[in-house]
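Here is a short briefing on one protein model. Please keep the sequence and the structure in view while reading.

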Amino acid sequence: MSPLLEVRNLSVAYGAIEAVRDVSFSVDEGQVVSLIGANGAGKTTTLRTISGLLRPTRGEILFRGEPIHRKAAHEILASGIAHSPEGRRLFGRMTVEENLQLGAYVRNDEAGIQSDMRRVYELFPVLGERRHNKAGLFSGGEQQMLAIGRAMMSKPKLLMLDEPSMGLSPIMTQRIFDTIKELQSQGTTILLVEQNALAALALSDRGYVIDLGSTTLEGPGIDLLADQRVRAAYLGEG
């Protein structure tokens with residue numbers, strides 16, 4: 001069976017600066033897959049290219065066996081890929097409910113939208129309790145919950161999360177990672193970019209290390225956790 005997502009020899013440039021060089025990886029349906037690496041390694045650029053916000057200079061991206069790297073961002077979203085970006089990018093003057101409704105803008109099944117909104121509120125009860133409050137008044141952890149919930153509202157087959165634990169307390173970080181496992185158990189495939197390499201690899205079926213724009217290591221998450229090169233570079237050991 002072919003992967004749900006396959007990235008082949010992807011290269012992306014900002015003008016004359018090549019941020020991603022020949023990155024290749026795949027994500028099988030039902031998996032949590034992590035991309036780890038230092039700041040500036042090209043992880044966020046890779047996600048932005050998958051979601052259609054950037055265009056590759058070389059390589060290709062296949063989703064369900066079909067090339068998507070020339071499609072517009074809204075077409076990629078409609079095909080089943082949702083992206084919760086670094087920094088959350090919420091609409092602070094809009095309410096929780098309005099932000100969630102925006103996540104479903106490619107859909108026209110009102111009953112399904114309401115059902116999925118209830119699902120978000122079940123996952124994150126604080127959002128349901130404060131559904132009429134403006135998003136800009138929330139804490140960082142609550143905003144991250146809303147960012148994930150908004151991405152879920154498009155009913156994605158693949159959910160891409162960019163730095164979901166950034167700026168969060170250890171307790172809130174653990175809650176976000178518990179939610180990722182819960183989403184996986186409910187059938188959502190997840191591609192995760194995360195600075196917290198220990199937590200990311202611990203819950204990942206597979207991981208890839210991106211260094212200076214290129215894929216340098218790959219393997220099951222538990223194997224990468226035990227790799228001394230990974231432990232020295234990203235876990236502060238050795």
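The lining of the largest pocket divides into twelve nonpolar, seven polar and five charged residues. Ala, Val, Leu, Ile, Met, Phe, Trp, Tyr, Cys and Pro count as nonpolar, Asp, Glu, Lys and Arg as charged, and the others, Gly among them, as polar. This is a predicted model: local features need pLDDT of at least 70, side-chain atom pairs count only at pLDDT 80 or more, and totals for chains, interfaces and linings use all residues. Residues are numbered from 1 along each chain as its sequence is written, and side-chain values use heavy atoms, with hydrogens and water left out.

**Largest pocket**

- The largest pocket has a volume of about 620 Å³.
- A pocket is an open set of points on a 1 Å grid where a 1.4 Å probe fits, with protein on both sides within 12 Å along at least five of seven lines.
- The volume is the space filled by probe spheres set on the points.
- The pocket is lined by 24 residues, of which L53, L77, H83, P85 and R150 lie nearest its centre; lining residues have an atom within 4 Å of a point.
- Two or more lining residues come from each of α1 (43-50), α2 (73-79), β6 (81-84), α3 and α6 (140-152).
- Helices (H or I, at least four residues) and strands (E, at least two) are DSSP runs, numbered from the N terminus.

**P85**

- P85 sits in the loop between β6 and α3.
- Beyond its neighbours within four places in sequence, P85 is in contact (heavy atoms within 4.5 Å) with R150 and D162.
- The C-alpha atoms of P85 and A151 are 9.3 Å apart, although 66 residues separate them along the chain.

**α6 with α7**

- The axes of α6 and helix α7 (residues 170-185) come within 10 Å and cross at roughly 15 degrees.
- Axes are lines fitted to C-alpha atoms, for helices over the stretch in contact, and angles run from 0 to 180 degrees between N-to-C directions.
- α6 and α7 are therefore roughly parallel, the term for angles under 35 degrees.
- G141, Q144, M145, I148 and M152 of α6 make the contact with M172, R175, I176 and L183 of α7.
- These contact residues divide into six nonpolar, two polar and one charged.

**α3 with α4**

- Helix α3 (residues 96-103) and helix α4 (residues 110-123) pack at about 125 degrees, with their axes 11 Å apart.
- V96, E97, L100 and Q101 in α3 meet M117, V120 and Y121 in α4.
- Five of these contact residues are nonpolar, one is polar and one is charged.

Conventions
Parallel < 35°, antiparallel > 145°, perpendicular 65-115°, else oblique.
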